Amino acid sequence: MSFLTPLMEKSWEPVQNPQTQTLGRDHTRRAGLRLLLSVVSMLFFLFIVAFLMRSQYPDWQPLAEQSSHPLFNKTLLWLNTTYLIFASICLQVARISGHKNRLIMAKLGLIMGGVFSCAFVTGQWMLWQHLYQQGFVVNSHPALSFFYILTGLHAVHVAIGILAWVVAVIVVMRNSPKLAQYIELCAIYWHFLLGLWAVLFILLVSKPETYNAIVEFCGLGI
Amino acid sequence: MLVSLAIFIVAATMGGLNYVTTVLQARTRGMTLMRMPLTVWGIFMATVLALLAFPALFVSAVMMLFDKTLGTSFFMPAILSMGQQLDHEGGSPILFQHLFWFFGHPEVYIVALPAFGIVSDLISTHARKNIFGYRMMVWAIVGIGVMSFVVWAHHMYISGMNPLFGYFFATTTLIIAVPTAIKVYNWVLTIWHGNIRLNVPMLFALGFVSTFTIGGLTGLFLGNVVVDLPLSDTYFVVAHFHMVMGVSPILVVFGGIYHWYPKMSGRMLNPTLGKWHFWGTFLGTYAIYFPMHYLGILGVPRRYFAYENYDFIPDSAKDLNAMISVMAIFVALVQLIFLFNLVWSLFKGEKSGDNPWEATTLEWQTETTPPGHGNFGKDLPVCHRWAYDYSVPGYQQDFLPQNFIDEKSESKT
């Protein structure tokens with residue numbers, strides 16, 4: 001409960017050793033990113049709750065139970081997941097190399113991470129096209145609507161990450177001293193997006209019994 | 001409209017991230033969290049709430065947008081419109097209500113917490129007394145922030161929810177009244193035995209304490225399920241909501257403008273016009289919203305255009321309603337005095353100097369008024385004390401600014 005300690009200060013009493021240092025800029029950047037990630041977590045958490053609540057209505061159809069369901073064949077999903085895992089690994093390599101000042105590995109990792117992320121976004125787009133051609137459109141049934149919204153919003157977050165990645169690449173190409181820090185911020189964001197994708201993937205393809213059990217456990221039923 | 005709402009949420013989130021990170025990470029030297037003025041605490045906590053609550057609005061806005069444009073059925077049940085069966089079926093409006101109020105209730109506190117903070121500073125400064133129970137005030141702000149996420153369904157008592165849920169949300173609603181009441185007590189106790197300077201910002205602050213107490217008390221009525229059921233969707237709700245969230249924070253906003261206008265422009269707002277503005281607004285809004293409580297208990301429904309052929313509504317209620325309309329127009333006209341004052345004082349107002357209210361907080365200690373770019377010139381001020389050193393015994397002046405260096409105690413250390 002260390003975050004409560006500052007709130008216990010009796011600020012009206014005279015202090016012997018006043019705090020005279022301010023926190024560094026890199027610390028500020030990381031704190032800002034963590035805050036952003038908590039907001040994004042909240043956003044997806046609420047979507048997941050909405051998904052679970054909506055799944056309790058009678059017109060709900062699961063996505064991956066029978067061969068006629070849109071996500072029964074998960075090859076494309078797994079392929080895209082692999083891209084995202086590779087992106088995360090590359091950025092982690094870049095992060096470690098950046099800290100140890102191995103610049104070539106850091107640059108290579110950063111660039112490969114971006115390439116794999118672009119592959120992921122393209123792959124998700126092709127998955128959409130594939131489903132669309134099979135007649136699975138956004139208003140076919142509610143689970144499919146959720147599928148499009150959740151994958152779409154996740155892809156938007158990856159795409160915004162790619163914008164930040166472009167900034168990081170520019171910083172790295174200039175050999176700026178901030179290089180390691182920018183790579184670190186990218187790595188944190190990508191690990192988060194990978195974790196988020198794993199949760200969404202599991203949710204979208206899980207059996208109705210699974211989320212019925214979650215709904216019952218959390219008391220979200222109607 | 002939904003698209004613009006979504007864009008607004010994204011923008012507000014980015015701005016909020018900036019504010020929260022700045023407060024947490026970029027304070028000036030010596031400014032610990034507990035030395036911050038309560039204004040900053042209030043806005044800080046409100047921003048945290050905004051960051052966590054706006055996603056719920058975003059979720060419901062996106063899903064609503066899909067329902068409206070792409071024909072999905074997240075919220076839309078089967079609907080007959082103009083005799084035609086629409087394409088939607090099976091959606092859940094209750095799901096929308098949950099998402100909306102999960103945003104909507106914290107939003108009430110997003111509006112109220114900055115007002116709580118500002119009014120604390122106004123009362124302390126203009127009563128020349130340190131704020132009573134500073135730590136308790138901060139803890140109450142934090143407590144209200146946390147609790148505001150577990151009370152949302154008290155807006156949905158008549159949605160046919162499980163009675164146990166109603167019980168839970170009524171309990172949390174009454175619990176959140178505790179930190180709120182602590183704040184009211186502390187404001188009153190700050191004024192108690194203070195050296196009150198009854199200038200315009202102080203008048204608005206005192207007006208806030210009055211309207212907020214009235215509005216808060218009716219909140220206790222509506223927080224209970226059995227009392228809420230007959231009062232739901234009547235003028236009683238309108239009265240409660242406007243007293244507590246419409247009038248009260250607006251009074252603080254006015255008080256804040258009168259308080260900080262000299263820092264922004266270098267000139268005081270005209271106090272005579274300010275007092276006319278205050279009394280017109282304060283008494284006028286009471287005349288609007290206080291009678292609404294009686295209308296609500298009579299059962300007059302809100303959001304109705306015409307009340308003909310409702311036998312249970314007596315003619316006197318309609319007369320009262322007409323009076324309310326007249327008062328609303330009167331209050332709107334009184335605001336013209338304020339707008340005139342804003343413009344007139346900018347050119348003709350009395351010069352204020354750097355610190356007209358003799359306040360302690362750092363914004364009053366800038367080198368120039370209005371402050372130039374960067375506010376404090378080359379060197380940031382160093383904070384040596386909390387924000388409420390008013391009337392400290394043993395000093396010539398009755399206030400010690402936050403960047404005031406005490407020679408006596410410095411020489412000791």
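Leaving aside its neighbours within four places in sequence, which residues is A:Ala168 in contact with? Keep that in mind as you open this predicted model, and let's begin in chain A.

**Stop 1: chain A as a whole**

With a radius of gyration of 22 Å, well over the 17 Å that the globule rule gives for 222 residues, chain A is more spread out than a compact globule. Turn the view along the principal axes, and the C-alpha atoms fill a box of roughly 70 × 50 × 20 Å. If you colour by burial, buried residues come to 31% of the 222 in chain A. Contacts are worth a look too: among those between residues at least 6 apart in sequence, 76% join residues at least 24 apart.

**Stop 2: A:Ala168**

Now select helix α4 of chain A, residues 142-173, and pick out A:Ala168 within it. A:Ala168 has 26 other C-beta atoms within 10 Å, and because the cut-off for buried is 20 or more, this residue counts as buried. Here is the reply to the opening question: beyond its sequence neighbours, A:Ala168 is in contact with A:Leu110, A:Tyr182, A:Ile183 and A:Cys186. For a sense of scale, draw a distance from A:Ala168 to A:Leu200: they are 32 residues apart in sequence and 27 Å apart in space, C-alpha to C-alpha.

**Stop 3: where the chains meet**

Bring chain B into view and select the contact between the chains, to which chain B gives 40 residues and chain A gives 35. On the chain B side, α1 (2-25), α2 (38-69), α3 (93-126) and α4 (134-147) each supply at least two residues. Highlight α2(B) in particular, as it gives the most to this side, with nine residues. Colour the chain B side by class and you get 23 nonpolar, 14 polar and three charged residues.

**Stop 4: the two domains of chain B**

Next, colour chain B by its domain assignment: domain 1 covers 1-26 + 33-72 + 92-197, and domain 2 covers 198-352. Their centres, taken over C-alpha atoms, are separated by 20 Å. Where they touch, domain 1 of chain B contributes 23 residues and domain 2 of chain B contributes 25. On the domain 1 side, the elements giving two or more residues are α3 and α5 (163-191) of chain B. By class, that side holds 17 nonpolar, five polar and one charged residues.

**Stop 5: the largest nonpolar core**

In soluble globular proteins, nonpolar side chains tend to be buried together. Which members of the largest nonpolar core touch the most others? Of its 145 residues, select A:Ile183, A:Cys186, B:Val59, B:Val119 and B:Phe204. The element giving the most to this core is α2(B), with 21 residues. Both domain 1 and domain 2 of chain B give residues to the core, so it lies between them.

**Stop 6: B:Phe204 and helix α6(B)**

Centre on B:Phe204 and show what it touches beyond four places in sequence: B:Leu251, B:Val252, B:Phe254, B:Gly255, B:Tyr258 and B:Phe278. Finish by selecting helix α6 of chain B, residues 200-223. Its 24 residues reach 34 Å from first C-alpha to last, close to the 34 Å expected at 1.5 Å a residue. Is α6(B) largely enclosed or largely open? Of its 24 residues, 17 are buried, so α6(B) is largely enclosed by the rest of the structure.

Key: Residues numbered from 1 in each chain as written. Chains lettered and ligands numbered in written order. Predicted model: local features only at pLDDT ≥ 70, side-chain atom pairs only at ≥ 80, totals over all residues. Helix = DSSP H or I, 4+ residues; strand = E, 2+ residues; numbered from the N terminus. Buried ≥ 20, exposed ≤ 12 C-beta atoms within 10 Å, placed from the backbone. Contact = placed C-beta atoms within 7 Å. Nonpolar A, V, L, I, M, F, W, Y, C, P; charged D, E, K, R; others polar. Domains from an automatic or database assignment. Rg over C-alpha atoms; globule rule 2.2 N^0.38 Å. Core = buried A, V, L, I, M, F, W, Y, C linked by C-beta atoms within 7 Å. Expected span 1.5 Å × (residues − 1).
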